[in-house]
Amino acid sequence: MLMKLDTSWLLFAVAAVTMLSYLLSMALDAVMREDGFGAMGNAGIITIAFFATVYMANDYGIRFTSLMEGALAGLSGAFTALLVMTFVKAILRRII
């Protein structure tokens, strides 16, 4: 899915996902406070994990037939990555 996009559409997708993830991460930062990574950190994690999930799914042979399937897969991977990283940070804060 990502490899079939030309450069302008790929840049547009990165810009759109980055803007939406920043808006969402501002709300997450207000809720999570010190347990999160800040607004920019949460946005970076969500953006990178979104595209990494879509790329890895395509690499393993999963093809998305619609944009909605790709977006849902990317969002689920992004929030899973944020959840795991938040749990790891919380565990390390309590241990150290």
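1. Start with N42. At 0% relative accessibility, N42 counts as buried, where buried means under 20% relative accessible area, exposed over 50% and partly exposed in between, with a 1.4 Å probe and protein chains only. This is a predicted model: local features need pLDDT of at least 70, side-chain atom pairs count only at pLDDT 80 or more, and totals for chains, interfaces and linings use all residues. Residues are numbered from 1 along each chain as its sequence is written, and side-chain values use heavy atoms, with hydrogens and water left out.

2. N42 lies in helix α2. Helices are DSSP runs (H or I, at least four residues), numbered from the N terminus. Leaving aside residues up to four places away in sequence, N42 touches S25, L28, D29, M32, G36, F37 and L82. Contact means heavy atoms within 4.5 Å.

3. Helix α2 covers residues 38-59. Its 22 residues should span 32 Å at 1.5 Å a residue, and the end C-alpha atoms are 31 Å apart, which agrees. The expected span is 1.5 Å times one less than the number of residues. After α2 comes G61, with a positive phi near 95°.

4. Which helices do the buried residues of α2 pack against? They pack against α1 (7-32) and α3 (67-95). Among the buried residues of α2 are A39, I46, F50 and V54.

5. α1, α2 and α3 each give two or more residues to the lining of the largest pocket. The largest share, eight residues, comes from α1.
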